[in-house]
Amino acid sequence: MVFILDASTPVGRENFDKEKEFVKFLARSLNVSPGKSEAALITYSTNPSTVIQLGDYSEVQDLERLLDDIQFYGGDRRMDRALEEAVGLFKKARPGVDRKVILLTAGRQTPGDDEEPLDKVKKMLLGVGALPFIVAIGTDHDIPTLTTAVEDPKDMFKVKSFDVLLSQVFSIASVVANRTGM
């Protein structure tokens, strides 16, 4: 499981902390722990950063402490680069495990000359056996574009605001846990 947190400037430090709390609860709901299912964490703005590698912790409390230490940094929003970073993680992961990516985003991607279309990045994820999910927080989204990044429209979750993000943990966890790969 790879969690990808939006650390772009419009998110802000307070909402970034809400994303981290969401991931803690989601990881617990999905039974993420060594020996069961491992998790990694990528933060992104202009560029992605893998801040927790698969297997960097020995129990879920360690994962939570690692999450607490992650700092907000701001910048543009480049979802394509973050998803490509997840592809790289899965290329190094042990084979034969269920692979899922959960990307949180609070808005539209910042355009760039080197921008990869999200449907192309989705194909890269599928190529390494990873199933993408998107949690779209707020109202500043290009829903048709985000929909191209998931295999099934039900794999995209629209959440009204950061304030209600935690209330969505169990419904999102239920869909993610019961969704099988390609």
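1. In this predicted model, helices H1 and H2 cross at roughly 170°, and their axes come within 10 Å. With angles over 145 degrees counted as roughly antiparallel, H1 is therefore roughly antiparallel to H2. The H1 side of the contact consists of Lys20, Glu21, Val23, Lys24, Ala27 and Arg28, which meet Val60, Gln61, Leu63, Glu64, Leu67 and Asp68 of H2. Sorted by class, this contact comprises 6 charged, 5 nonpolar and 1 polar residues.

2. The geometry of H1 agrees with expectation: 18 residues at 1.5 Å a residue should span 26 Å, and the end C-alpha atoms of H1 are 26 Å apart. After H1 comes Asn31, which has a positive phi near 60°.

3. Which residues of H1 are buried? They are Gly12, Asn15, Phe16, Glu19, Lys20, Phe22, Val23, Lys24, Leu26 and Ala27. Their cover includes strands S1, S2, S4 and S5 together with helices H2 and H6.

4. The largest nonpolar core has 36 residues, of which Phe3, Phe22, Leu26, Ile102 and Val135 touch the most other members. At least two residues of this core come from each of S1, H1, H2, S4, S5, S6 and H6. H1 gives the most, with 5 residues.

5. Beyond its neighbours within four places in sequence, Phe3 is in contact with Val23, Leu26 and Ala27, as well as Ala39, Ala40, Leu41, Ile42 and Ile102.

Definitions and conventions
Residues are numbered from 1 along each chain as its sequence is written. This is a predicted model: local features need pLDDT of at least 70, side-chain atom pairs count only at pLDDT 80 or more; totals for chains, interfaces and linings use all residues. Side-chain values use heavy atoms; hydrogens and water are left out. A nonpolar core is a set of buried Ala, Val, Leu, Ile, Met, Phe, Trp, Tyr and Cys residues joined through side-chain atoms within 4.5 Å. Buried means under 20% relative accessible area, exposed over 50%, partly exposed in between (1.4 Å probe, protein chains only). Helices (H or I, at least four residues) and strands (E, at least two) are DSSP runs, numbered from the N terminus. Contact means heavy atoms within 4.5 Å. The expected span of a helix is 1.5 Å times one less than its number of residues. Axes are lines fitted to C-alpha atoms, for helices over the stretch in contact, and angles run from 0 to 180 degrees between N-to-C directions. Angles under 35 degrees count as roughly parallel, over 145 as roughly antiparallel, 65 to 115 as roughly perpendicular and the rest as oblique. Ala, Val, Leu, Ile, Met, Phe, Trp, Tyr, Cys and Pro count as nonpolar, Asp, Glu, Lys and Arg as charged, and the others, Gly among them, as polar.
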